[in-house]
Amino acid sequence: MRFHEFVEDQVFSPTLVAEALRTTKSEIAGTLGLGKDAFTRASRVRARKTQVRLRQMLEILNRVEDATGSPLAAYAWFRAAPLPGFGGATPDQLLREGRADHVHAYLDRIMAGGFA
């Protein structure tokens with residue numbers, strides 16, 4: 001996944017992300033812990049919180065895409081894979097809690113050949 005593919009009018013576009021992941025903007029909003037209107041009003045799409053969460057999700061998906069085989073598989077992992085050491089929380093749950101850095105640290109350990 002290349003970040004520039006998801007940028008429109010200098011912000012991450014929920015529409016482009018949803019199309020690439022073959023899902024709806026509403027589902028992505030829920031996955032990121034955002035309200036349903038976060039992707040419907042231009043001011044909410046441009047809001048810092050919305051853009052940060054979209055960026056964090058795309059960064060994580062980008063990191064696991066090679067290991068999972070496709071952007072769709074990476075998104076499924078992001079939503080459903082319980083991470084050891086985090087009480088079974090999934091990456092999307094950690095992101096919603098403001099702990100995307102913990103997902104990155106987990107991925108760093110795994111990629112370095114360590115244990116979760």
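What follows is a short chat about a predicted model.

Q: What should I know about numbering and cut-offs here?
A: Residues are numbered from 1 along each chain as its sequence is written. Local features need pLDDT of at least 70, side-chain atom pairs count only at pLDDT 80 or more, totals for chains, interfaces and linings use all residues, and side-chain values use heavy atoms, without hydrogens and water.

Q: Where is Thr31 found?
A: Thr31 sits in helix H2, residues 25-31. Helices are DSSP runs of H or I, at least four residues, numbered from the N terminus.

Q: Is Thr31 buried or exposed?
A: Thr31 counts as buried because its relative accessibility is 3%. Buried is under 20% relative accessible area, exposed over 50%, partly exposed in between (1.4 Å probe, protein chains only).

Q: What does the side chain of Thr31 make a polar contact with?
A: The side chain of Tyr75, at 3.2 Å. A polar contact is a pair of N or O atoms within 3.5 Å; within protein, one must be able to donate a hydrogen and the other to accept it, and residues adjacent in sequence count only if both atoms are side-chain atoms.

Q: Which residues of H5 are buried?
A: In helix H5 (residues 71-80), Ala74, Tyr75, Trp77 and Phe78 are buried. They line one face of the helix, because seen down the axis they fall within an arc of 160°, taken from the directions from the helix axis to the C-beta atoms.

Q: Switching topic: how does Phe12 count, buried or exposed?
A: Phe12 counts as buried, at 14% relative accessibility. Phe3 counts as partly exposed, at 31%.

Notes. Helix = DSSP H or I, 4+ residues; strand = E, 2+ residues; numbered from the N terminus.
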